[in-house]
Amino acid sequence: PYSYIQGVRANCDELLKLASSTQSRRQVVRIQKSLDTLENIIKKIENNLEVYGGEGYSENVALLETGVEILTEIVEDRMRDYIYYETSHFKVIQKDLLNQQNFALQVSIGALGVIILLTMVLAVKISRSVTTPIQQLCDVAEQAAKGDFTARADFRSDDEISLLTKSFNHMTGEIGRLVED
């Protein structure tokens, strides 16, 4: 019986480490105390056998019925309670995890929305920074086509559009001077 008790005690040590609620831990501690008592009763039975031999039979049967059987039932009940508490606590943990998952999903969707909005704003801004100078250059080119060689496009940047604008302004200025000549 001692090897069985030691095996149960080792399992209780593991359960105590894994217990996720206070109630579960209490049940494991109660099981361990019951195992101590059970071990003491078995020692009494062994002692009676050594001291009284066959004459201690009735006392040993009483210890077996009132001690060992009842304690094993108590251990079984407490183990059942441990499983109940762990299962109940598991449901709470599962609910918390589901709430955290929903919160993370909401934050992710919100962040995605902000990223999409910022991307759209930046895309519009970048496309306008390219199309606006080209549109203004086209407008000035139309004025030059109508004969207004004094029209000038005015952009202050260091990109290709600015280079094209300077060349266009120089060309219209030259055309205007040639027309006057």
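**Salt bridges and a nonpolar patch**

Colleague: Which residue meets Glu 76 in a salt bridge through its side chain?

Modeller: Bear in mind that this is a predicted model. Within helix H3, the two partners sit 4 residues apart, so about one helical turn separates them. Their side chains meet with N to O at 2.9 Å, and the partner of Glu 76 is Arg 80.

Colleague: Thanks! Is Arg 80 buried, partly exposed or exposed?

Modeller: Buried would need under 20% relative accessible area and exposed over 50%. Arg 80 has 46% relative accessibility, so the residue counts as partly exposed.

Colleague: How many residues apart in sequence are the parts tied together by Arg 9 and Asp 36?

Modeller: Happy to walk through that one. The side chains of Arg 9 and Asp 36 form a salt bridge, 2.7 Å from N to O. Arg 9 belongs to helix H1 (residues 2-18) and Asp 36 to helix H2 (residues 22-52), so the separation in sequence of the parts they tie together is 27 residues.

Colleague: And is Arg 9 buried or exposed?

Modeller: The cut-off for buried is under 20% relative accessible area. Arg 9 has 17%, so this residue is buried.

Colleague: Lastly, what accessible area do Leu 122, Ile 126, Val 130 and Ile 134 have together?

Modeller: One of them, Val 130, is in helix H3 (residues 57-145) and is partly exposed at 43% relative accessibility. The four residues form a nonpolar surface patch, and their accessible area together is about 360 Å².

Key. Residues numbered from 1 in each chain as written. Predicted model: local features only at pLDDT ≥ 70, side-chain atom pairs only at ≥ 80, totals over all residues. Heavy atoms only, no water. Patch = residues over 30% accessible without salt bridge, like charges linked within 9 Å, V, L, I, M, F, W, Y side chains within 5 Å. Areas by Shrake-Rupley, 256 points an atom, 1.4 Å probe, with all protein chains shown as cover. Helix = DSSP H or I, 4+ residues; strand = E, 2+ residues; numbered from the N terminus. Buried < 20%, exposed > 50% of the residue type's maximum accessible area, 1.4 Å probe, protein only.
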